[in-house]
Amino acid sequence: MAPDLRPVVVCLGSVVMDHTFHVEDIVQPPSKNRARSYALGAGGLAANASIAVSRLGGHCIFWGRVGDDLNGRPLLDALAEQGVDVSQCRLAPGGRTPVSAVLVDPMGERSIYSYRGENLGTEPDWLPLDRIDTAQAFLCDPRWPEGAARALDYARAKGVPTVIDGEKTETRILMDLIPRVDHAVFSVPGLALYAPGRKPVEALRRALEEGCQVAAVTQGEKGTLWMTKADPTPQRTPAFRVHATNTTGAGDVFHGAYALAIAERQPIEQVMRFASAAGALRARDGATPTRAMVEELLRG
Ligand SMILES: Nc1ncnc2c1ncn2[C@@H]1O[C@H](COP(=O)(O)OP(=O)(O)OP(=O)(O)O)[C@@H](O)[C@H]1O
Ligand SMILES: [Mg+2]
C-alpha cells in the first residue's frame, strides 16, 4: 500500500445530528404541515470543518462527544462516510446527542432549533493527546471549552500550530481560550463577544496582545479582515463573488480549509484566499467543495 502523505489535522468540538426539512413556508400559528423533502446529516462547527479538511485532501481526526442514544452512532457513521476518522470520539454512556431541527423555506431562509445534548461529560481526560504529535495543525471551536483548553495547551507545548473558530459563546470562554491559540479566526458576533464595545481592528489587536500570531474576523460577503503579530496593519482578503444559495456552514468550511492550509504550510495570504474560496463555494452550493473546485476558483 502507498504511504499516506496527507497532512494530518486534529479537530475538536461540536458535532450535531441535523434534521433538515425543506418546507413551503414556516407556518404560524403552530399546525400540522408537510415537508417537501428531508435530509439527515452531520452538522456542528468542528464537525463541518472536519468534513471540509477531509474533502480538501487532508487526513482529519475528529475528537467530539455524542450520546449512546439513537442518534450517536449514526452521527459518527455519517462523519466517517465523509472520510473523517472518528475512531477516537466518545460515545458517552447515558448521554444525549446534540440535534438540530432545521426548517428551510424556498427562498433559503432558515429557522433552526438546536438541542445541545446532555450528560456528554466535560472532563477531557480521555483525549488521546499524543495523536497531536503526529499532526500538522489542530483546530477547535468553543463548544467544549474544557477539551479545547487541554488540547490547545498540549499542541502549544509540542509546537503544533493551532486555530480556533471564535464563534458566538460566552465572553469568559473566549477570554480563556484565545490566549492559548496561534490563529484566532472569529465570526462577527464572536469577535463582538470577545471584546465587547471595541471596534473590530481593536478587538483583533487585543488577540495579538494576548499571544496570537494571527487574528482574523470573517465578514461573510465582505470578506476577511486580518492582521499578524509580525505586521499588525489590518489587511483585507475580499470574498469571492458567487451567487449564494445557502450560506449555512460557510464559516465552518472556511475554518476547516484554513486549518488544512496551515498544515500544508501555505503562506498566510494564501491561507486566507484558500479558505475564502472554500467558504464561497459552500455559500454557493450549500455543499462542501472538493480540492479541485477550490483550485479552479483560485485560478479563475
Ligand atoms: N455570500 C458569500 N459570498 C462569498 N463568500 C462568502 C459568502 N458567505 C461566506 N463567504 C466566505 O466564507 C467566510 C465565512 O463566512 P461568514 O463570515 O459568513 O461565517 P460565519 O459568520 O461564521 O457563519 P456560519 O458559521 O454560520 O457559516 C467569509 O469570510 C467569506 O470568505
Ligand atoms: Mg461560523
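Analyst: What follows describes the residues around the ligand and their contacts with it. This is a predicted model, in which local features need pLDDT of at least 70, side-chain atom pairs count only at pLDDT 80 or more, and totals for chains, interfaces and linings use all residues. Residues are numbered from 1 along each chain as its sequence is written, chains are lettered from A and ligands numbered from 1 in the order in which they are written, and side-chain values use heavy atoms, with hydrogens and water left out.

There are 22 residues around ligand 1, where a residue is near a molecule if one of its heavy atoms lies within 4 Å of it. E167, T218, G220, A250 and G251 come nearest. By class, this shell holds 8 nonpolar, 11 polar and 3 charged residues. Here Ala, Val, Leu, Ile, Met, Phe, Trp, Tyr, Cys and Pro count as nonpolar, Asp, Glu, Lys and Arg as charged, and the others, Gly among them, as polar.

Two helices, α7 (250-263) and α8 (268-285), each give the shell at least two residues; helices are DSSP runs of H or I with at least four residues, numbered from the N terminus.

Oxygen atoms of ligand 1 take part in several polar contacts, meaning pairs of N or O atoms within 3.5 Å. E167 places a polar side-chain atom 2.9 Å from a ligand oxygen. With G220, a polar backbone atom is 2.8 Å from an oxygen of ligand 1. For A250, a backbone N or O atom lies 3.0 Å from a ligand oxygen. Ligand 1 taken alone exposes 620 Å², and the protein buries 85% of that, with areas from the Shrake-Rupley method and a 1.4 Å probe.

Conventions
Polar contact = N/O pair within 3.5 Å; in protein donor to acceptor, adjacent residues only side chain to side chain.
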